[in-house]
Amino acid sequence: MTGNQTEHQYRLSVEWTGNQGSGTSNYRAFGRDHVVRAEGKPEIVGSSDPSFRGDPGRWNSEELLVASVSQCHMLWYLHLAATAGVVVTSYRDDPIGTMVEDADGGGGGQFSGITLRPTVTVAFESMCDRAEQLHDDVGAKCFVARSLNFPIRHQPRVTADRAS
């Protein structure tokens, strides 16, 4: 770390709760359920993707990764909008993450990309062009996206509450 950098740490615990009596004695003998905890926050109940014997009613790590990228983009976008004088009145993203499994059947793979699809409403029609352009500036700021080795794309839609 250089003299101009600030370090942040994120402490939490991830506890496996899927022991069904015989631990990992074989691949089908254990559940993939787990709990993510951090002091002072609600628990996140997790599992693996249903394709990998996970509980579809629980969050999986792949979904949480996509959510993390979307959250980071949104929060930086709102910051940039505020500093640019663009009044955002609503923001919703419906992101899609794509993971590709290795062909060898060994269970490995990686994300090939995430597409963010934010729908943004701004106060006045005159703000729409700038509001759309701001999405291009987020990539250089978002800590999470900058830490990943696959493309983060965005397909924003911007509308206005009223004409200006």
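What share of the contacts in the protein chain between residues at least 6 apart in sequence join residues at least 24 apart? The share is 54%, where contact means heavy atoms within 4.5 Å.

The model is predicted: local features need pLDDT of at least 70 and side-chain atom pairs pLDDT 80 or more, while totals for chains, interfaces and linings use all residues. Residues are numbered from 1 along each chain as its sequence is written, and side-chain values use heavy atoms, leaving out hydrogens and water.

**View 1. Overall fold of the protein chain.**
The order of elements is β-β-β-β-α-β-β-β-β-α-α-β-β, with helices (H or I, at least four residues) and strands (E, at least two) taken as DSSP runs numbered from the N terminus. The radius of gyration (over C-alpha atoms) is 20 Å, well over the 15 Å from the globule rule (2.2 Å times the number of residues to the power 0.38) for 164 residues, so the chain is more spread out than a compact globule. The C-alpha trace spans about 65 × 40 × 30 Å along its principal axes.

**View 2. The largest nonpolar core.**
A nonpolar core is a set of buried (under 20% relative accessible area, 1.4 Å probe, protein chains only) Ala, Val, Leu, Ile, Met, Phe, Trp, Tyr and Cys residues joined through side-chain atoms within 4.5 Å. Among its 17 residues, Y77, V86, V120, V122, A131, L134 and V158 touch the most other members. At least two residues each come from α1 (61-84), β8 (118-124) and α2 (128-138).

**View 3. Surroundings of V120.**
Beyond neighbours within four places in sequence, V120 contacts Y77, V88, S90, Y91, H135, R157, V158 and T159.

**View 4. The second core.**
This separate core has 6 residues, including V66, F111, I114 and F150.

Note on methods:
Buried means under 20% relative accessible area, exposed over 50%, partly exposed in between (1.4 Å probe, protein chains only).
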